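Me: I'm new to reading protein models and I'd like to go through one with you. Can I keep asking how you know each thing?

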2 protein chains.
Amino acid sequence: MSDDKGLTVKKNEDFSQWYTQVVQKAELADIRYNVKGFVVFRPWAVLIMNKMFQLLEQELEKKGHQPALFPALIPESNFKKEAEHVEGFLPEVFWVTEAGGEGEKIDERLALRPTSETAMYQMFALWIRSWRDLPFKIYQRCQVWRYEGKATRPFIRSREFYWIETHNAFATLEEAEKQVQEDMETTDNVIHKEYAIPFLFFQRPEHDKFAGAVHTYAADTLMPDGKVLQLPSTHLLGQNFSKSFEIKFVDKNGESKYVWQTCYGPAVSRIIAAVISMHGDNKGLVLPPTIAPIQVIIIPIITSKENTEIVLAKCKEILESLEKAGVSPKVDADAERTPGWKFNYWELKGVPLRIEIGPRDIRSGQVVIVRRDNGAKQFVKENEVVNRVKEALEGIQKSLSEKAYNFLNDHLYDSQDYDEVKKILADKGGLVRINWCGLEECAEEMKNETNGGVIRGTLLGKNEEAKGNCIRCGNTSTQVVYISKQY
Amino acid sequence: MSDDKGLTVKKNEDFSQWYTQVVQKAELADIRYNVKGFVVFRPWAVLIMNKMFQLLEQELEKKGHQPALFPALIPESNFKKEAEHVEGFLPEVFWVTEAGGEGEKIDERLALRPTSETAMYQMFALWIRSWRDLPFKIYQRCQVWRYEGKATRPFIRSREFYWIETHNAFATLEEAEKQVQEDMETTDNVIHKEYAIPFLFFQRPEHDKFAGAVHTYAADTLMPDGKVLQLPSTHLLGQNFSKSFEIKFVDKNGESKYVWQTCYGPAVSRIIAAVISMHGDNKGLVLPPTIAPIQVIIIPIITSKENTEIVLAKCKEILESLEKAGVSPKVDADAERTPGWKFNYWELKGVPLRIEIGPRDIRSGQVVIVRRDNGAKQFVKENEVVNRVKEALEGIQKSLSEKAYNFLNDHLYDSQDYDEVKKILADKGGLVRINWCGLEECAEEMKNETNGGVIRGTLLGKNEEAKGNCIRCGNTSTQVVYISKQY
């Protein structure tokens, strides 16, 4: 346990400093590791990420993806097979060039995977033979490494991060397009419904696609400071890679064809940054019950040596009844700490519910339940504890989700006035709907002139029609897009 | 699904070839990845390893270990802090020396972790301050890389493998020694009781310790060809690393002291080799129910279009009743394959139980249950399916465990005659109990003269007393040890 005191910064006064403090004081990550851009993920964060991974993996397996593990090292020659891909990723690669004590040179440089297309697809070419082998849907839970120039912020951006990448092959373009839809559904089912993080799904502009993709779609959420954080993206790869890696199948008519591919990459170690940021408050983390390693912390209020045993016994009884009901509780029986210290500690850690049990409560056959998200306190009869706890957990989940959704919704703007757009992005942040000509150069200028505003793309499934001119260059606008600052 | 036929080699005639075929035909690993010593782990193996990891992680968390994730890259200067450690591991390190498109040199070489002591312990020095922070018990689930010269065999030996490493710090030597005992208990609870793999626990000879350890203890199991495979080892590190990395705590009297450390490393991707080898038979894998991704495969026997629906409905009903009872079943309803093909396929994959359901069975209110391990077939009344399935799964688990245990036991020999020892190791393999002088040179000579016989160490907890002379050099023997060939 940490002896550090609680947060000393208010979230709405200095979000950046608040974030730094939460990460450190709730013991989520340590930035003092001595390789630039690499952080250590501490137990509480790993326990949360494990829950997040589990929910994602369950959903993916339900949808027919199978887990695999590919080597972390990719030969340079593989890496260079798809022209656009290599151009996009080459600047971000860490290279293994030596091995053994003497630093003996390796024949061919080996890339530490920044993403696994070029590790996987040569194997796809060996495994996929006939229409019977399709659809072929693989996922890998792993870490990847990217030598990025931008400053490191734990979880938000670092040179090593943890994700799932799914890689899929289909007989037809239509099926591949359907997979993109399915990935969006997965994103909604898990990231929205389970992690309580709202997002908008965009089709990225041509100039901002994944290197090697035909189209890139991505979910953006809005952070409390009005900047956008990209959550999973899903890529329609078409036949770009299947042609480079010769991934062919024989269809039912005996014809040999290239497969159509997609990939999808939810970065759990990045998404947790949204969880921390969106739900947390001035006391620390607030965890959605679905991903809280401990959902209920039970704190014995011991007032004398005589009642120690009876209070601890009651705590254990409540613990067991909650466990039986599928809830994850824990009793904090540390005799060296006061109840007050424990209240603060577990609030900082974001445990959704607290139960207090003291001798007086036992005499009146009740316990005290306190919600982490709103501080609401209620006295509950012992025999109603399980039901009330379940209700409260559902209530918290719902309320966190709504709050985050409302925040996103309250920061959606509509403007055809470039000066107004600049002002919104500078003052409040958020996403502004604008008309845009579609040209990369215009987007680049806009980024400079708005001090970092980036075109997120067109909102998926909305078919928003452009009715005016590009807000910046005045040319005919081809699309209605959203602009925002980003992480 | 694979269209390859079943195994063409008998396990007891050519174990090595049998192993190669099982790994390939049950689609466990693919050795065709184009970096030497690296293999691809395919879905069925990953699903099994995930179960294995889960059981280990549960046990470790129950025993107070907390998960963490440390960077995969370790600066050369860290790596060199503990003299013996660096000497032992330096020959096995892959080095990252360049990054970015231009192959820009990195200031300091970064080691791809071959093990994580030197990544973790600098952080321990920051986190551990007082007696309050002890015991400190961390575990990491990750992969490690070792540039080894020996030939690759999937799972048994490769340059990238998946494990858990626990790293622990204590206030006293006694507590550290207790942790070693606890690690043995963990090994027994998980590897023996859950994976059904028997082993002997040895204290390794001085010359065969982990680089940087005071003592090394390791579990050895016996493979079907009479060679030993090392399973987890646990190391008493003493204060070797705490002194190199300055990991100190202030005790209750205000005195500053170095911590005592241990570490423990169950390599799941290696232990699965023992699972494949010990339990498999001439039809393929045989999985212990505790780690089978699918415990029961339900196969509809459809004889006409008319009865398709009723048979599939019954399969689904049985599936659901099993799921409700906590069993993991699957219905193989693939209309393109015959029941016979499916029987072979799922036998190859090692699914412990098969249920067959046809129209005639439905009319007589029964199903057919077939055990994978012994082929035993029984007709079971529908309302008894759940109980009989549970019984059968327990029976299989017990029987696999006993069979493996008996094999190990039947291959333990006792000899004080060096020629006899040579003959046993050459003919049948197994472990031979001998007297040994304790000198490394003598062990080296023995290894040469017995064509690979290695001293495993003294059997833990037995205090076997040496009563004669070293079987090789004739000097006074200091210890009773076991010798065997090894992987």
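Me: In β11(A), which residue is the bridge partner of A:Asp220?

Reply: That's A:Gln230. Keep in mind that we're looking at a predicted model.

Me: What makes β10(A) and β11(A) count as paired strands?

Reply: Two strands pair if DSSP finds at least two bridges between them. Strand β10 (residues 215-222) of chain A and β11(A) have seven bridges, in the antiparallel sense, so they pass the cut-off of at least two. They also form a hairpin with five residues between them. In that turn, A:Gly226 has a positive phi of about 85°.

Me: Which strand do four bridges join to β11(A)?

Reply: Strand β14 (residues 260-264) of chain A, and the two run antiparallel. One pair to look up is A:Gly238 with its bridge partner in β14(A), A:Gln261.

Me: Why is β11(A) called largely enclosed by the rest of the structure?

Reply: Because ten of the eleven residues of strand β11 (residues 228-238) of chain A are buried.

Me: What is the order of the open sheet of eleven strands in chain A?

Reply: Read across, the order is β3-β7-β8-β14-β11-β10-β9-β22-β23-β21-β20, with mixed pairing.

Me: Why are β3 and β20 of chain A called edge strands?

Reply: Each of them pairs on one side only. Elsewhere in the sheet, ten bridges join strand β7 (residues 136-145) to strand β8 (residues 160-170) of chain A, running antiparallel. There, A:Val144 stands opposite A:Phe161 in β8(A).

Me: Is A:Ile299 buried or exposed, and how do you know?

Reply: A residue is buried if 20 or more other C-beta atoms lie within 10 Å of its own. A:Ile299 has 26, so it's buried. You'll find A:Ile299 in strand β15 (residues 296-300) of chain A. Leaving out residues up to four places away in sequence, A:Ile299 touches A:Asp332, A:Pro339, A:Lys342, A:Arg354, A:Ile355 and A:Glu356.

Me: And why is A:Leu439 called partly exposed?

Reply: Buried needs 20 or more, exposed needs 12 or fewer, and partly exposed is in between. A:Leu439 has 17 other C-beta atoms within 10 Å, so it's partly exposed. A:Leu439 is found in the loop between β21 (431-436) and α14 (440-449) of chain A.

Me: Which residues touch the most other members of the largest nonpolar core?

Reply: Of the 290 residues in that core, they are A:Ile271, A:Ile272, B:Ile271 and B:Ile272. Take A:Ile272: not counting residues up to four places away in sequence, its contacts are A:Ala45, A:Ile48, A:Met49, A:Met52 and A:Phe155.

Me: How do you know which side of α13(B) is the buried one?

Reply: In helix α13 (residues 418-427) of chain B, the residues B:Val421, B:Ile424 and B:Leu425 are buried. They cover an arc of only 95° around the axis, so they sit on the same side of α13(B). Those buried residues pack against β20 (412-414), β21 (431-436) and β23 (479-484) of chain B. The face turned away from the buried side carries the exposed residues B:Asp419 and B:Asp427. Just after α13(B), B:Gly429 takes a positive phi of about 70°.

Me: How many residues of each chain are in contact with the other chain?

Reply: 42 residues of chain A are in contact with 42 residues of chain B. On chain A's side, β5(A) gives the largest share, six residues. The residues on that side divide into 28 nonpolar, nine polar and five charged.

Me: Why do you say the copies meet through the same surface?

Reply: Because 100% of the interface residues of chain A are also interface residues in chain B.

Me: What makes the relation between the chains that of a two-fold axis?

Reply: A rotation of 180° with 0.0 Å of shift along its axis superposes chain A on chain B, with an RMSD of 0.0 Å. That's why it is the relation of a two-fold axis.

Me: Which residue of chain A comes closest to the rotation axis?

Reply: A:Val96, with its C-alpha at 2.1 Å. A:Val96 also stands opposite B:Val96 in β5(B). Five bridges join β5(A) to strand β5 (residues 94-99) of chain B, and the strands run antiparallel.

How values were computed
Residues are numbered from 1 along each chain as its sequence is written. Chains are lettered from A and ligands numbered from 1 in the order in which they are written. This is a predicted model: local features need pLDDT of at least 70, side-chain atom pairs count only at pLDDT 80 or more; totals for chains, interfaces and linings use all residues. Two residues are in contact if their C-beta atoms, placed from the backbone, lie within 7 Å. Ala, Val, Leu, Ile, Met, Phe, Trp, Tyr, Cys and Pro count as nonpolar, Asp, Glu, Lys and Arg as charged, and the others, Gly among them, as polar. Copies are superposed by least squares on the C-alpha atoms of residues with pLDDT of at least 70 in both. A nonpolar core is a set of buried Ala, Val, Leu, Ile, Met, Phe, Trp, Tyr and Cys residues joined through C-beta atoms within 7 Å. The arc is that of the directions from the helix axis to the C-beta atoms.
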